[in-house]
Structure formats: C-alpha cells, structure tokens
Amino acid sequence: MAVPKRKMSRSRTRSRRAQWTAQIPELVPVTTPDGRQVRVPARLVPAVRRGLVVPD
C-alpha cells in the first residue's frame, strides 16, 4: 500500500473529497413475471425479470 511522504493539508484533502458525487441511476421500464410494468435501475433488470427482486 502506498504511504504518503508528507502530510496533506486539510484544505487540500477536503477539496479532493468534495469532487465526488453520487450518480442517480437511470431507470429502465421492465415487465415483472406477474405482468406489472415497473421502472428499475439497469443493473437490476435481469433479477427483476427472473423474479429474484420484487420492486415496490
């Protein structure tokens, strides 16, 4: 694991961390096994189609 040679200032650390933001997942329309039409994130489409995940 890399170890820093010098201490990083608080302002530099906080500025770097402030750049990260969460992304809102794109919702895709999917038909569930019981025939309902729901919108779920793209990564959950296979699980919803198989009935492994039950969307609310």
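P33 is exposed, with a relative accessible area of 59%, where exposed means over 50%, buried under 20% and partly exposed in between (1.4 Å probe, protein chains only). The model is a predicted one, in which local features need pLDDT of at least 70 and side-chain atom pairs count only at pLDDT 80 or more, while totals for chains, interfaces and linings use all residues. Residues are numbered from 1 along each chain as its sequence is written, and side-chain values use heavy atoms, with hydrogens and water left out.

P33 sits in the loop between strand 1 and strand 2; strands (E, at least two residues) and helices (H or I, at least four) are DSSP runs, numbered from the N terminus. Although P33 and R49 are 16 residues apart in sequence, their C-alpha atoms lie 6.3 Å apart in space.

The loop that joins strand 1 (27-31) to strand 2 (37-41) also holds T32. The T32 side chain makes a polar contact with the side chain of D34, at 2.3 Å. Such a contact is a pair of N or O atoms within 3.5 Å; within protein, one must be able to donate a hydrogen and the other to accept it, and residues adjacent in sequence count only if both atoms are side-chain atoms.

A salt bridge here is a side-chain nitrogen of Lys or Arg within 4 Å of a carboxyl oxygen of Asp or Glu, and the structure holds one. D34 counts as exposed at 56% relative accessibility, whereas R36 is partly exposed at 36%.

Turning to the helices, R14 is placed in helix 1 (residues 10-17) and counts as exposed, with 56% relative accessibility. Together with K7, R10, R12, R16 and R17, R14 forms a positive surface patch. Patches are made of residues with over 30% relative accessible area and no salt bridge, like charges being joined within 9 Å and nonpolar side chains (Val, Leu, Ile, Met, Phe, Trp, Tyr) within 5 Å.

V45 belongs to helix 2 (residues 45-50) and is buried, with a relative accessible area of 9%. Between V45 and R6, 39 residues apart along the chain, the C-alpha separation is 46 Å.

Key: Accessible areas come from the Shrake-Rupley method with a 1.4 Å probe; for residues, only the protein chains shown count as cover. Lys and Arg count as positive and Asp and Glu as negative; His and the chain ends are not counted. The place of a charge is taken as NZ of Lys, CZ of Arg, CG of Asp or CD of Glu.
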